[in-house]
Amino acid sequence: MFKSVEELVRSATERGVPISEIMIEQEVHVRRSTREDVFGMMERNLEVMEEAVERALQGVTSVTGLTGNDAVLMQDYVRSGKSLAGDLILDAVAKAIGTNEVNAAMGRICATPTAGSAGVVPGTLFAVKDRLEMDREAMVRYLFTSGAFGFVVANNASISGAAGGCQAEVGSATGMAAAAIVEAAGGTPEQSATAFAIALKNMLGLVCDPVAGLVEVPCVKRNAMGGANAVVAADMALAGITSRIPCDEVISAMHEIGQMMPTALKETARGGLANTPTARRLEKNIFGAKENVEK
Amino acid sequence: MKYRSVFDIIGPVMVGPSSSHTAGAARIGLMAGKLFGRQPRLARITFYGSFADTYRGHGTDVAIVGGIMGFDTFDLRIPQALDIAKERGIDVVFETSDALTDHPNTARVHLEDADGTFEIVGISIGGGTIEITELNGFPLKLSGGGPALVVLHHDRFGAIAAVTGILAKHELNIGHMEVSRHEKGKQALMAIEIDEHLSKDVLAEIERLPQIERVAIFGE
């Protein structure tokens, strides 16, 4: 099993295959399964992601009412032709928001790598697929490439907000998406690693401070910005820009920052945005006064 | 390596909103329910750490109860699990504790009915992946280096040999194994880490052995 991005990139480069191939082969080996089975399992995940985005673009509201329907607003704005950032980036933003809105509404999603960060990878995938003329196989490969990078992060650092802050969730997802976009666009395994490093570097230190302890505010919008960040990081790597700090060292830095981060900023809803007057008021409205006093 | 499969990273397919607090909790509940082997009359759940702080907002409560009733992470009945438990006559009690635990996402699940009690402590390490750290008072120390087979059995001669014999027959290699018991001749626990994927047929074969009470597998 590969333990580092360096190993992953080296195997892919030496053999002249994409990173997704290394991940598929490892999975076949670990599960003692067939290639068709493993591919099929990932295709079912892709279908869940597709359904979530479609559902969100019809409009969805969470149980608390804190989040919902922003994906629709974004989609309409892109269609109006007035947008500044560019249609592809904003399409990724709309779809990342959408997936996370479905998540907040306790709908069915596929964790990538977690539920709180489930918007970034599918959001970017469904935004770039037409531009990059991706067929179904390429879309499934996109998920294997994302997974390969997430696999290294999960084993060497963390993908849990409670353990490492939001940098471990949306940060990891952003890097994973950036690396996968590069492969889908025809970049090298090395460029995928660069895109991952650039994306994660810009998410370092991101705290997990969910208002009222819910996976809604600021999670939905952080998925949106993760999607935008991933597309830009991929473009930077494809442009030939490199990362001075190697990918594995960025992952180690993320882990170290997570260890140093106070518990109040790691999914406990004790600090950060969760401790603003407005957040406390919202919390009180949702869960009642008694709980608030206890905290 | 705590994570062995790409589907731990891209997956699970689940009901939102949190893989560690909802899907992980459902899996802890599923493990408890499966090992208890029947519908409990009472489920007492204690949350620690981040679970204690945020369990309502993350649906940790409904997910863990759904899991106990056998709902998988993607079951759309999870949001209604507390109502369904009530209909099924299961009393559910939630408690929070500020006791320090090794991991911020820790839950203790105690199940009981007229015939007995059962208890596990589970931690949710991220992305929906869980570890069980204690089972009926037996501490479990699994490296996470491979799928693990957990077997509750009667402390009788031949029980361990029978289980390892089946693994040998199927050419499955044991990486690490622990056996523990509270008292001679009573309930005992085998925790066996294996190097490869374990098929359902092998699991069923072990479960059919006379000395075996329950079998479950995790880390798959």
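## Two domains in chain B

Chain B splits into domain 1 (1-136) and domain 2 (145-219), with bounds that come from an automatic or database domain assignment. Their C-alpha centres sit 23 Å apart. Contact here means heavy atoms within 4.5 Å, and on that basis domain 1 of chain B brings 13 residues and domain 2 of chain B brings 14 residues. Before going on, a word on the model: it is predicted, so local features need pLDDT of at least 70 and side-chain atom pairs count only at pLDDT 80 or more, while totals for chains, interfaces and linings use all residues. Residues are numbered from 1 along each chain as its sequence is written, chains are lettered from A and ligands numbered from 1 in the order in which they are written, and side-chain values use heavy atoms, with hydrogens and water left out.

## What holds the domain contact

Domain 1 and domain 2 of chain B bury about 1100 Å² between them, with 59% of it on carbon and sulfur atoms. Buried area is the accessible area (1.4 Å probe) that two parts lose on being put together, summed over both. On the domain 1 side of chain B, R4(B), L35(B) and N136(B) supply 44% of the area buried against domain 2 of chain B, more than any other three residues. Polar contacts do turn up: 5 residue pairs across the domain interface of chain B, both residues at pLDDT 80 or more. A polar contact is a pair of N or O atoms within 3.5 Å; within protein, one must be able to donate a hydrogen and the other to accept it, and residues adjacent in sequence count only if both atoms are side-chain atoms.

As for which elements take part, α1 (19-36) and β6 (129-135) of chain B each supply at least two residues of the domain 1 side that touches domain 2 of chain B. Helices (H or I, at least four residues) and strands (E, at least two) are DSSP runs, numbered from the N terminus. α1(B) gives the most to that side of domain 1, with 4 residues. By class, the domain 1 side has 8 nonpolar, 2 polar and 3 charged residues; Ala, Val, Leu, Ile, Met, Phe, Trp, Tyr, Cys and Pro count as nonpolar, Asp, Glu, Lys and Arg as charged, and the others, Gly among them, as polar.

## Chain A against chain B

Now for the interface between the chains. Contact takes 50 residues from chain A and 43 residues from chain B. The two chains bury about 3700 Å² between them, 63% of it on carbon and sulfur atoms. R32(A), M106(A) and R108(A) supply 18% of the area that chain A buries against chain B, more than any other three residues. The rule finds 1 salt bridge across this interface, and R270(A) and D53(B) meet in a salt bridge through their side chains (2.6 Å, N to O).

Polar contacts across the interface of chain A and chain B come to 18 residue pairs, both residues at pLDDT 80 or more. On the chain A side, the elements giving two or more residues are α2, α3, α5 (87-104), β1 (108-110) and α7 (136-156) of chain A. α7(A) gives the most, with 8 residues. That side of chain A divides into 27 nonpolar, 14 polar and 9 charged residues.

## Residues worth a look

R32(A) sits in the loop between α2 (19-31) and α3 (35-56) of chain A, and its phi is near 50 degrees, a positive value in a residue other than glycine. R32(A) is partly exposed, at 48% relative accessible area; buried means under 20%, exposed over 50%, and partly exposed in between (1.4 Å probe, protein chains only). A269(A) also has a positive phi, near 60 degrees, but A269(A) counts as buried, at 1% relative accessibility. Two peptide bonds are cis, each with omega near 5 degrees: V217(A) to P218(A) and G11(B) to P12(B).

S5(B), in the segment before β1 of chain B, is buried at 4% relative accessibility. S5(B) touches E27(A), R31(A) and F151(A), leaving aside residues up to four places away in sequence. A polar atom of the S5(B) side chain lies 2.9 Å from the backbone nitrogen of F7(B).

Methods. A salt bridge is a side-chain nitrogen of Lys or Arg within 4 Å of a carboxyl oxygen of Asp or Glu.
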